Amino acid sequence: MNIGIIGLGLMGASFAKRLSPQKDKTIYGIDQNEQTIQTALELNIIKEGSTDPGKLIKKCNLIILALYPTMIKPWIVENQQYLESGTILMDISGVKTNIVEPVQAILREDLELISIHPMCGRESRGIDFAQADIFDNANYIIVPTNKNTPTAIEAAKQLGKDLRVKNISILSCEEHDRMIGFLSQLTHVIAVSLMNTHDNSHLVEYTGDSFRDLTRIATINEDLWSELFLLNKDILLDEIDQFLDATKHFRDSLEKEDIDEMKRLFIQSTNRRKLFNK
């Protein structure tokens, strides 16, 4: 199989690192940065690379779109002319409804986009931080629509197996975006807000594991996450409102010195957290 990876940043290059050693696959890389292409060639994670998609993507029967979400549709508009009939495309964007449906609406009838989302990543960005093992303990979500064929869905499942992810699930676009609004986007909002609560730089020498664990994801790619938040705005606003309600309830319990309610909340959170340890 010939696989074209569009965008050789952290995720795209991690795909290349995991897939390139597999003998039944040939990896081609496309990136707007010539130095990134050269780095990928030096790492031997792509066979060929180019800043010009038209030169390579016609060789590929699978395209992985490792692009910022708002770049996906313009890339399709500009470059689908070069793709061979029957090519399957897979986007890995962190939001689905406002990406997948508009792209499928303008895609050539002899091409197919099936959306996937490996639930993994790093705080750093760029090819220098790419790792093949980023997928090892990852949950991997396939997000089909009624425009997807069983063949494409099976190809997405097989890619997950080739990446050696931990778990493969299937969700609708709406289910995915609701899930990601809570599990990922809200948690980033909390971490960012905690770091921005007040000037805390004088506390660096006193911090413990709880603060470091809670704020790890506050080191954030401002360009990417601004796009993701806006593309999932309504769902994320609802999740923030629910979190504010829960925070206010806890604050009120503390103000009233309602120790029974505080203990109830602690027990409830402990029991709920245990489910995620499995």
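Which residues touch the most other members of the largest nonpolar core? Of the 33 residues in that core, they are Phe 15 and Leu 159. A nonpolar core here is a set of buried Ala, Val, Leu, Ile, Met, Phe, Trp, Tyr and Cys residues joined through side-chain atoms within 4.5 Å. Buried means under 20% relative accessible area, exposed over 50%, and partly exposed in between, with a 1.4 Å probe and protein chains only. At least two residues of this core come from each of β1 (2-6), α1 (10-19), α2 (34-42), β4 (62-65), β5 (88-91), β8 (139-143) and α5 (150-163). Apart from this core there is a second, separate one of 29 residues, including Ile 30 and Leu 83.

Before going on, please keep in mind that this is a predicted model: local features need pLDDT of at least 70, side-chain atom pairs count only at pLDDT 80 or more, and totals for chains, interfaces and linings use all residues. Residues are numbered from 1 along each chain as its sequence is written, and side-chain values use heavy atoms, with hydrogens and water left out.

Now for the overall picture. The protein has 10 helices and 9 strands; these are DSSP runs, numbered from the N terminus, with helices (H or I) of at least four residues and strands (E) of at least two. Its C-alpha atoms fill a box of roughly 65 × 45 × 30 Å along the principal axes. Of the 278 residues, 42% are buried. Among contacts (heavy atoms within 4.5 Å) between residues at least 6 apart in sequence, 69% join residues at least 24 apart.

Leaving aside residues up to four places away in sequence, Leu 159 touches Phe 15, Leu 19, Ile 64, Met 90, Ile 116 and Tyr 140.

In α2, the buried residues are Thr 36, Ile 37, Thr 39 and Ala 40. Seen down the helix axis, the buried residues of α2 fall within an arc of 160°, so they line one face; the arc is that of the directions from the helix axis to the C-beta atoms. Gln 35 and Glu 42 are exposed on the other side of α2, while the buried residues pack against β2 (26-30) and β3 (48-50).

Helix α3 (residues 69-79) buries Pro 69, Ile 72, Trp 75, Ile 76 and Asn 79. These cover an arc of only 100° around the axis, which puts them on the same side of α3. The face turned away from that buried side carries exposed Val 77 and Glu 78. The partners of the buried residues of α3 are β1, β4, β5, α4 (97-106) and α8 (222-231).

Between β5 and α4 runs a loop, and Val 95 lies in it. Val 95 counts as buried because its relative accessibility is 0%. What does Val 95 touch, not counting residues up to four places away in sequence? Its contacts are His 176, Asp 177, Gln 185, Leu 228, Leu 231 and Asn 232. The C-alpha atoms of Val 95 and Ile 180 are separated by 7.6 Å, although the two residues are 85 residues apart along the chain.
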